[in-house]
Amino acid sequence: MQEKYYIVTYGCQMNVHESEKIAGILRGMGYTEAQGTEDADIIVFNTCCIRENAENHAFGNIGALKKLKKQKPHLLIAVGGCMTQEKGKTEVLRKKFPFIDIMFGALNLEELEGLIVRKKNQKKKVIEVREKEGEIVEFTGAYRTSYPNAWVNIMYGCNNFCSYCIVPYVRGRERSRKPEHILNEVRELVAEGYKEITLLGQNVNSYGSDGTTNVTFAELLDQVASIEGNFRLRFMTSHPKDFNEDIVKVMQKHRKICRLVHLPVQSGSNEILKAMNRRYTREKYLSEIEMLREYFPEAEVTTDIIVGFPGETEEQYLETEALVKEVDYASAFTFVYSPRSGTKAAEMENQIPEEVQKDRIMRLVELVNSLTRKKSEKYLGKTVEILCEDYDGKKDLYLGRDEFGRMGYFKSEKDRVGQFVQIKITKANGISLYGELIEAK
Ligand code: SAH
Ligand code: SF4
Ligand code: F3S
């Protein structure tokens with residue numbers, strides 16, 4: 001009987017795509033996909049450590065497997081991703097969960113096959129976490145599960161060392177893929193019928209600055225967008241310290257590029273931005289938004305915000321609120337600051353009490369939601385283009401996103417997944433839109 005795998009993913013888009021690579025490796029070894037943990041022969045946890053609750057989540061789920069492992073001794077449990085890259089973490093995991101068979105890191109996931117083979121031949125657990133980033137291993141066997149969307153890494157790692165962030169410690173220094181590798185991958189994806197390509201990197205604007213290539217991010221974007229075919233192009237994440245007009249000019253040249261920019265601001269206070277080591281000011285950030293909207297008045301912006309950073313005063317928090325209103329974000333990911341060991345901010349005095357953090361996050365979420373709702377109302381009666389991504393059996397509706405990432409639902413007799421459709425919006429419900437199908441192409 002064929003053995004089965006089950007992958008549990010935490011964290012960002014980078015990890016989601018890396019789980020597709022892990023699935024590719026496992027399928028290459030002859031495993032097929034399991035329905036859940038119960039019928040799996042190998043369970044892989046692809047972990048995240050960006051905030052404490054991401055870690056707790058993984059801890060809880062790994063711990064819950066103790067019984068299953070006892071009942072099914074041949075079951076392999078593997079833990080990889082960003083958490084195992086943290087200093088001393090494999091030791092903690094080994095003590096807490098002695099039943100883990102394999103540990104690997106985000107920096108050596110391509111070695112997983114060898115590690116599994118090794119484990120099958122020995123009783124001892126296999127712990128192999130690469131400490132320092134190596135050369136990029138070009139990997140073409142990802143098993144993609146997000147049709148019609150496809151993620152394409154353009155770079156790995158981060159050099160920015162924002163004072164709160166653990167990513168540079170667990171993902172290593174910036175490494176860019178060669179333009180030809182990226183272009184070939186996108187060409188293949190488009191030929192296979194993928195309709196939305198998202199270029200991924202912790203800071204896409206610094207593409208190439210590691211010396212791999214002289215091609216800048218704006219040039220790469222131009223080259224990717226010049227690939228023929230009917231597809232949308234997105235990119236993330238842009239860092240405000242080096243987001244620039246060259247990128248926006250390329251967006252203007254190609255209608256394929258969605259006029260939505262994810263530009264994490266983190267805070268609206270210059271003092272806090274400085275303490276965060278973000279290397280831009282509120283004024284610079286706002287001037288970038290202004291520049292973007294001079295080119296495209298309809299452009300939408302999304303962001304990431306942290307509240308309760310060490311020393312954040314009520315006034316500084318209110319500066320964030322004011323900035324949120326001024327930019328008028330389409331949506332925002334909002335987080336409570338979580339101290340990460342080894343980062344500068346974790347050592348700072350004036351850590352903010354939990355109740356203050358909670359109060360701020362609640363107010364901010366309410367503000368962001370109110371902006372999103374207001375934008376929904378503007379959609380009423382309009383016709384928008386949706387890339388159909390899925391079918392919701394419970395609602396008996398197809399769903400997809402518009403250029404700005406808004407979810408739209410509609411009814412159709414025919415399967416529309418992977419098609420661009422025009423829908424006329426008849427109902428706007430908070431963050432979701434509902435409409436009538438007008439035209440498909
Ligand atoms: N490279 C991207 C995002 C990486 S992590 C960027 O620079 O914007 C995604 C988001 O998690 C960050 O934008 C930040 O808002 C949040 N984040 C990172 N570290 C955090 C921490 N210690 N506590 C709370 N949120 C954090
Ligand atoms: Fe973290 Fe800053 Fe790098 Fe983003 S840019 S991954 S927030 S260190
Ligand atoms: Fe992503 Fe979490 Fe790692 S946000 S880079 S999976 S720490």
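Select Glu312, Glu314, Asp359, Arg360 and Arg363 to see a network of salt bridges linking these residues. A salt bridge here is a side-chain nitrogen of Lys or Arg within 4 Å of a carboxyl oxygen of Asp or Glu. By this rule the count comes to 30 salt bridges.

The structure is a predicted model, in which local features need pLDDT of at least 70 and side-chain atom pairs count only at pLDDT 80 or more, while totals for chains, interfaces and linings use all residues. Residues are numbered from 1 along each chain as its sequence is written, chains are lettered from A and ligands numbered from 1 in the order in which they are written, and side-chain values use heavy atoms, with hydrogens and water left out.

**Further salt bridges**

Go next to Glu55 and Arg340, a salt bridge whose closest N and O atoms are 3.5 Å apart. The pair links distant parts of the chain, 285 residues apart: Glu55 is in helix α2 (residues 52–63), and Arg340 is in the loop between β14 (331–336) and α13 (354–379). Helices (H or I, at least four residues) and strands (E, at least two) are DSSP runs, numbered from the N terminus. Both Glu55 and Arg340 are buried. Buried means under 20% relative accessible area, exposed over 50%, and partly exposed in between (1.4 Å probe, protein chains only).

Now select Asp101 and Lys69, whose side chains form a salt bridge at 2.9 Å, N to O. This pair also links distant parts of the chain, with Asp101 in the loop between α4 (89–96) and β5 (102–104) and Lys69 in helix α3 (residues 66–71), 32 residues apart. Both Asp101 and Lys69 are buried.

For a salt bridge inside one helix, select Glu288 and Lys284. Their side chains meet at 2.8 Å, N to O. The two are separated by about one helical turn because they are four residues apart in helix α11 (residues 282–295). Glu288 has a relative accessible area of 4%, so Glu288 is buried; Lys284, at 32%, counts as partly exposed.

**Arg144**

Select Arg144, in the loop between β6 (126–128) and β7 (149–153). Is Arg144 buried or exposed? Its relative accessibility is 16%, so Arg144 counts as buried. The side chain of Arg144 makes a polar contact with the side chain of Glu185 at 2.6 Å, and also reaches the backbone oxygen of Trp151 at 2.8 Å. A polar contact is a pair of N or O atoms within 3.5 Å; within protein, one must be able to donate a hydrogen and the other to accept it, and residues adjacent in sequence count only if both atoms are side-chain atoms. Not counting residues up to four places away in sequence, Arg144 touches His17, Glu20, Ala150, Trp151, Glu185, Leu189 and Tyr194, where contact means heavy atoms within 4.5 Å.

**Ligand 1**

Move to ligand 1 and the 15 residues around it, of which Tyr164, Gln202, Gln266, Asp304 and Ser338 come nearest. A residue is near a molecule if one of its heavy atoms lies within 4 Å of it. A nitrogen atom of ligand 1 is 3.0 Å from a polar backbone atom of Tyr164, and a backbone N or O atom of Ser338 lies 2.8 Å from a nitrogen atom of ligand 1. On an oxygen atom of ligand 1, look for a polar side-chain atom of Arg278 at 3.4 Å.

**Ligand 3**

Finish at ligand 3, surrounded by Cys12, Asn15, Cys48, Cys49, Ile50, Cys82, Arg171 and Gln202.
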